[in-house]
Amino acid sequence: MSGDRDAPAAAPAHVQVHAQGPAGVTLAREGALALLAAAAAILVAWAVPWLKFVLTLALAKGIAVLGILLLLRAGQVSFGHAMFLATGAYTVAFVAPRIEEVLLLLPLAMLLATLLGLAVGLFVVRYRDIFFGMLNLALSMVLYSLLEKLYDYTKGTDGIRVAALRFAGTVPGRETQEWLMFGLALLLAIGFGLLVRAYLGSPMGRALAGIKTRETRLEFMGISARRVLLFAYVLSALMGGAAGALVAMTSRHVTPQLAYWTSSGELVFIAILGGAGSALGPFLGAAGFELVRVYAAAAVAEAWQLILGSVLLLVILFAPGGIWGMLSGRLRGRGA
Amino acid sequence: MADWLADNTLLLGLALLDGLAYAALVFMVAVGLNLVFGVLRIVNVAHGSLFAIGAYSAASLGLAFASAGLPPWAGYAALVLAAALVGAVLGPLVERLVLRRIYGQEEVLQLLVTFALFMILEDVQKLIWGVQPVSQDLPMKLLGTVDVPFGDDVIPFTIYQLFVLPGVALATLIGLAWFLRRTLTGRVIVAVTTDKEAAMAMGIDAARVTLLTFTFGAALAALGGALASPTTSLVPGIGAQTIVLSFAVVATAGLGQIEGAALTSLLIGLGRSVAVYFAPEFEVVVPYIIMVAVLLVRPQGLFGVLETRRV
């Protein structure tokens, strides 16, 4: 949305979750920044091999957070979106013994997450605010407990190991496999980023902001708020599924923890950390989040949550635009 | 059906007794959450951490009392004292330093601020009490058990769980209803809940009311934890579990309902413990199934009031 210079003058601050939205950052600049970020990610992955794993997970989570971003546009927080990520991940874990092909598993995971998103979405889009958040939370907890308790199928809290996968028919070596997953995650991230950008600029995407400001007015114009929200919800579920598939293929191990409510909280956390003003925000946030987590866990194993929580508090209290807000503020400062 | 009942009387009886004790604890947490939401308009995700810290503090204090050679009944004083301490220390600290900065801001941010608090408190709790289970069940053992007749059988059940827990919950319910409706401070809290601006225009110090309410809510959560501590061994993660359950209660009951929260706690507590005995796989799912079923039929919750839509 940030690149639309022809945006009507009345669409303004409330469109962004944070008032200091990057309204002045053009498409060209955002694109350049995205390319720069992608190049930086590749460079880091090449220079520090073990960070490749961290970055792949960050890209995957960023994709899921893109979905959260859509709902945030409508002013709704889902405290249960990890259920779609877990659906994607468990789809891969369940099906991998029969179909080893990454390029088949990925769309299958997305399909199942989308179907679940449609079923859940039809129910939850009737609710707003706290009820919306809590219902998502409740349903994700149902999935969590099923994954935990149906031991015969899911191996409970032990989780399932994902066997080695094929990539377009070939079985790559470990190093190549890591690069392929990283590349796939990067490619999907860029694809979904562009999709979300186009969607948010479309009438359907713009109507989301209407749900946030004054839903009744939207309906006076003959637009079904539920349908608008449902579309966004299903799209976000699809992206959650893709993210989950990537997580399962990268970490090669899935546990019910993926669906626990704290995992959903992390996704919302990343959305705010990165800044909800741009499709780039989730990826900046996810990279920041995963890096802080890795280094905090290495430095003080017992207190990494404490450090992450403090970072979150500081961001909300002192940098409400997130990483993207700070970056775009600087970009505009240079005379946009 | 009759045969089944005859075969399972004992289990059903146990489920009822367990459910009652469990519902009492859930109510203590949910009612605090509800009260805080009413005044602050913030759903406090860290409310469960206060429950956990209350529980751990009570266990530690109880053990300290015991090793200091105090008489066994001092264990009960330890429960109440720990809850009061946690409320009095953490309540003002959290409200003054953090929550006060985000009143009136977007819901997303408020939720996340309390989520950040949850993450922080969760680790603080692990740093203080470690990850090994902590238990101090003296207050429960001290009272012994009573034989509850069920059909032809009797169930020995602890007096603590049968009388003390529901008793405290009932006293809290009645006391709170009386406090909010009959005392000046209580009515001021209700006034701020109903219409903060109007209340402030009448000269009510809303900042003070907020501080008071949050501290009180925190103390209730801590008391819930303290009361729970003798019945179970404490492990990391109880805070996270408690909060989602009390969310379910509050959403099912409808926001701002005290008596409603009590009935819903009972419903969900009983539902859960019946599941524990008859379908243990679904123990964790039952509260949410109840919640989803209720919200399908009554979107504002069982006792909630529909708000008019703004144009």
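Residues are numbered from 1 along each chain as its sequence is written, while chains are lettered from A and ligands numbered from 1 in the order in which they are written. Because the model is predicted, local features need pLDDT of at least 70 and side-chain atom pairs count only at pLDDT 80 or more, whereas totals for chains, interfaces and linings use all residues.

**Where the chains touch**

Select chain B beside chain A: 36 residues of chain B are in contact with 38 residues of chain A, contact meaning that the C-beta atoms of two residues, placed from the backbone, lie within 7 Å. On the chain B side, two or more residues come from each of α4 (107-129), α10 (238-253) and α12 (286-297) of chain B, helices being DSSP runs of H or I with at least four residues, numbered from the N terminus. The most come from α4(B), which gives 16 residues.

**A helix in chain B**

Next select α3 of chain B, residues 74-97, whose 24 residues reach 34 Å from first C-alpha to last, close to the 34 Å expected at 1.5 Å a residue, the expected span being 1.5 Å times one less than the number of residues. Its buried residues include Gly75(B), Leu79(B), Val86(B) and Glu95(B), and among the elements covering the buried residues are α2 (47-67) and α9 (206-228) of chain B.

**A residue in chain A**

Finally, select Phe79(A), in the loop between α2 (49-73) and α3 (82-95) of chain A. Phe79(A) counts as buried because it has 28 C-beta neighbours inside 10 Å, where buried requires 20 or more other C-beta atoms within 10 Å of the residue's own, all placed from the backbone. Leaving aside residues up to four places away in sequence, Phe79(A) touches several residues, including Gly133(A), Trp261(A) and Val268(A).

Terms used:
A residue is buried if 20 or more other C-beta atoms lie within 10 Å of its own, exposed if 12 or fewer, and partly exposed in between; C-beta atoms are placed from the backbone.
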